[in-house]
Amino acid sequence: MRVAMHWWNRKPGERAEWLLEPLVNVGPLRFGMNPDEVASALDGAVAHVSQGLGSGIGWGYYTDWGVTAVYGEDNGLVAVAIDAMDGPLVRLRDIDLIARVPSEVRADIQDLALREGTSVQVNWSGDPEVEAWGVSMGAAQEQGLAPEGYTQRLNTVITNALLVGPELAKNPFGSEPVIRWRDVRDEPPNVGAWPVRDERERPHWDWTPLKSVGPLKFGMKPQDVAAALSEEPATRHGRYPFGTSWEGLGQWILSEDRFDRAGVTAHYSSGYSWPPTLGAVTIHGRTGPQVEFTGIRLIGMTVSAVDTALIQHIEERDLGLVVDCGGDLGVDGLNMYVRASRAGDTVVSEARFCQAHWEDHG
């Protein structure tokens, strides 16, 4: 059974070409503009996805342009995020920043910075960041068309960027109001290297759909998860029950534990009235154990090969293909999704295994 996957992916000739004047403007968007002025500069574009737009701090995603505009307390534009797949092609001096191989852009940025006598830092994702230009680079998985005409995930990543005004240039992703648009404070920081564990070094785990993966059984308490892995979590993430405006009030609720040595993240089902129990497990693509499904190796593999094998398995048996909101593929009824983990300029496969009805919990 074929289920079409749809991502909007403009071809280079269909994308606007903008010049970046560092800390001043990105194409027609000048830092300090209000939302009405931004919409006008984008030919009357409507932000189809937004939060707090026009009320002070907020942001809006202009789908037709592949651009997110982030506004500060005075409704002034302070940051512009350029989408890798369908955003405008932004040029800085003699460098094309968007929709390119990340390592090539990194080399170009380092060369230009050397010529201009400025320094290049590494941001949270392991990509170059230059305070003097208000540039923080990133990358996203590339999408393309299969011969059959449907959109498919590719095995490469291409560059995107966050471009900011002078007030955010020192720490673009760590500053308000950017963290209200995309909060990366809980993301594991990357130093700019993406080592992938050799297949021979990965333990092999069994998987019983909806019940367990390896030594981890759904319903386990966090202390039992740590004991089963013989490892304490490297990081713990959670929330307070009343949201950010009431942060610090009420009981902190654990949502996930990351185990770096094992190469897994444990996700917990929990709430104000019940303690956390294991509801899902993500096996990390670069470092996690190997898990197979009907002979298909799911972890650390070429993503397109895993997608093709899964789709073939599903079509031969007339099963259902499930695609989640992030484009991850799974077999209907198993609550398993094949995901992609960045490995430099490419991606490798990882997977999330869930208990029944896990989607009800997030």
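I started at Arg 100, which is partly exposed because its relative accessibility is 21% (buried is under 20% relative accessible area, exposed over 50%, partly exposed in between; 1.4 Å probe, protein chains only). The model is predicted: local features need pLDDT of at least 70, side-chain atom pairs pLDDT 80 or more, while totals for chains, interfaces and linings use all residues. Residues are numbered from 1 along each chain as its sequence is written, and side-chain values use heavy atoms, without hydrogens and water.

I looked up the partner of Arg 100. It forms a salt bridge with Glu 104, closest N and O atoms 4.0 Å apart (a side-chain nitrogen of Lys or Arg within 4 Å of a carboxyl oxygen of Asp or Glu). Glu 104 is partly exposed at 43%.

Next I checked helix H2, residues 102-116 (helices are DSSP runs of H or I, at least four residues; strands are runs of E, at least two; both numbered from the N terminus). Its buried residues are Pro 102, Val 105, Arg 106, Ile 109, Leu 112 and Ala 113. Leu 114 and Arg 115 sit exposed on the face turned away. Asp 111 and Arg 115 meet in a salt bridge, 3.2 Å from N to O.

I then took Arg 297 and Glu 199, a salt bridge at 3.6 Å. Arg 297 is in strand S23 and Glu 199 in a loop, so the pair ties together parts 98 residues apart in sequence. Shared partners join Arg 153, Asp 307, Asp 328, Arg 339 and Glu 350 into one salt-bridge network.

Notes:
The expected span of a helix is 1.5 Å times one less than its number of residues.
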